[in-house]
Amino acid sequence: MVRCLFMSLMALMGIAMAPISSAQGVNSDFLIIAHRGASGERPEHTLAAYERAIDQGADYIEPDLVVTKDGVLVSRHENEISGTTDVANREEFEDRRRSKTIDGQLVAGWFVEDFTLAELRTLRARERLPTLRRSNTDFDGLYQVPTFAEIVSLIRAKEKALGRRIGLYPELKHPNFLLQEEGVDVVDLLLTEFKALGLTPADPVYIQCFEVGPLQRLNQRSDFKLVQLVHSHGGPADEPGMTYAEMATPTGLAAIASYADAIGAHIPLILNADGSPTGLVADVAASDLGGIHAWTVRKENVFLPPPLRQAGGEAAIGDDSTLLDLLAAAGVDGVFSDDPGRAALWRNGRQAVRDGE
């Protein structure tokens with residue numbers, strides 16, 4: 001019954017239920033951002049995950065950036081790496097295990113900022129969600145933690161091979177913690193790295209962050225496109241008196257527009273439980289912001305709204321294409337997806353309908 005109501009809502013909203021096409025990715029105003037690469041098919045934040053995402057038609061790839069002890073930007077979802085590398089099985093690094101308070105939470109494990117790049121390169125990546133993505137575990141132990149420079153080199157090689165631009169959408173992870181507790185200025189480090197790599201504001205680059213201060217500093221020091229991330233709960237770690245709910249109001253969006261170009265919003269901020277739009281997209285359109293990107297579309301049942309789940313348990317593939325339909329109908333400008341290949345096929349189906357094929 002709930003699914004029927006969901007589908008009826010879609011019909012009322014005029015969403016076309018286009019068949020999935022088998023064509024390769026096509027350019028569209030609706031952006032597909034590969035969330036940590038093709039992380040639904042390969043261990044996240046590996047060169048293999050990024051390359052697969054590019055080959056599947058992603059417009060942008062998204063590396064989360066953290067910093068080594070010797071000041072090198074590398075890509076991990078968090079600076080704590082016990083869940084994404086084999087560090088917990090490496091006896092030579094047992095003495096590096098420690099506890100740190102990060103953004104108000106006590107975290108125990110091994111942290112990138114306590115390893116030099118040379119030490120980090122001896123580790124190997126592992127699937128972060130092994131019970132949900134068992135096939136990804138076949139690739140455990142094959143890949144190193146990539147540097148940001150290596151990711152840029154991969155993009156440029158793939159641009160040359162494929163004859164199209166590929167965007168870069170890095171996220172700064174815990175910059176306030178790194179600055180206050182570790183003495184690492186990630187903003188300065190990133191801009192220095194951009195200059196060394198020849199990246200300019202003319203390139204397809206967005207820089208995103210959940211915190212406010214780093215984006216304000218980037219706005220003062222550069223012309224790169226900036227994205228304020230907002231969650232359905234909590235608030236920015238560097239602004240303890242501020243909530244994301246307040247930031248997602250018209251007044252809050254106006255404040256964001258003073259230093260950022262767009263927002264990246266948690267899907268529950270964009271869609272109500274019944275799939276109807278909340279009004280956030282309309283508020284963004286009425287502001288001076290240039291767009292809104294939704295995060296994160298994933299294919300597994302556990303990540304989908306209950307009406308879109310299929311039989312087979314939490315790890316089974318659900319109806320992510322309907323979620324994409326609803327987000328497109330709400331008016332978002334793009335999505336972060338763990339499965340950019342599936343998102344690209346969905347987009348091609350919509351393109352075929354528009355073109356009358």
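A residue is called buried when its relative accessible area is under 20%. By that cut-off Arg347, at 2%, is buried, and so is Arg96, at 18%. The model is predicted.

**Arg347**
- Arg347 belongs to helix α13, which spans residues 340-354.
- The side chain of Arg347 makes a polar contact of 2.7 Å with the side chain of Asp59.
- A polar atom of the Arg347 side chain also lies 2.7 Å from the backbone oxygen of Phe30.
- Although Arg347 and Leu31 are 316 residues apart along the chain, their C-alpha atoms are separated by 9.4 Å.

**Arg96**
- Arg96 is located in the loop between β4 (73-75) and β5 (98-102).
- The charged end of Arg96 sits over the ring of Phe115, at 5.2 Å from the ring centre.
- The side chains of Arg96 and Glu119 are joined by a polar contact of 2.7 Å.
- The backbone oxygen of Asp114 is 2.9 Å from a polar atom of the Arg96 side chain.
- Once neighbours within four places in sequence are set aside, the residues in contact with Arg96 are Gly109, Trp110, Asp114, Phe115 and Glu119.

- In soluble globular proteins, nonpolar side chains tend to be buried together.
- The largest nonpolar core comprises 74 residues, and Ile263, Ile270, Leu280 and Leu327 have the most contacts inside it.
- Another core, of twelve residues, lies apart from the largest one and includes Val66, Leu117, Leu120 and Leu123.
- Beyond its neighbours within four places in sequence, Ile263 is in contact with several residues, among them Val227, Val230, Leu253, Ile256, Leu280, Val284, Leu289 and Ile292.
- The contacts of Ile263 also include Gln228, Gly291 and His293.

**Helix α12**
- Helix α12 (residues 320-330) is largely enclosed by the rest of the structure, because nine of its eleven residues are buried.
- The buried residues of α12 are Asp320, Thr322, Leu323, Leu324, Asp325, Leu326, Leu327, Ala328 and Ala330.
- Among these buried residues is Leu327, which is also one of the residues with the most contacts inside the largest nonpolar core.
- Gly331 follows α12 and has a positive phi, near 105°.

**Aromatic groups**
- The structure contains ten aromatic pairs.
- One aromatic cluster is formed by Tyr60, Tyr169, Tyr206 and Phe336.
- The charged end of Arg298 sits over the ring of Phe303, 4.7 Å from the centre of that ring.

Technical notes: Residues numbered from 1 in each chain as written. Predicted model: local features only at pLDDT ≥ 70, side-chain atom pairs only at ≥ 80, totals over all residues. Heavy atoms only, no water. Phe/Tyr/Trp six-rings, centres within 6.5 Å; stacked < 30°, edge-to-face > 60°. Lys NZ or Arg CZ within 6 Å of the ring centre and 35° of its normal. Core = buried A, V, L, I, M, F, W, Y, C linked by side-chain atoms within 4.5 Å. Buried < 20%, exposed > 50% of the residue type's maximum accessible area, 1.4 Å probe, protein only. Contact = heavy atoms within 4.5 Å. Helix = DSSP H or I, 4+ residues; strand = E, 2+ residues; numbered from the N terminus. Polar contact = N/O pair within 3.5 Å; in protein donor to acceptor, adjacent residues only side chain to side chain.
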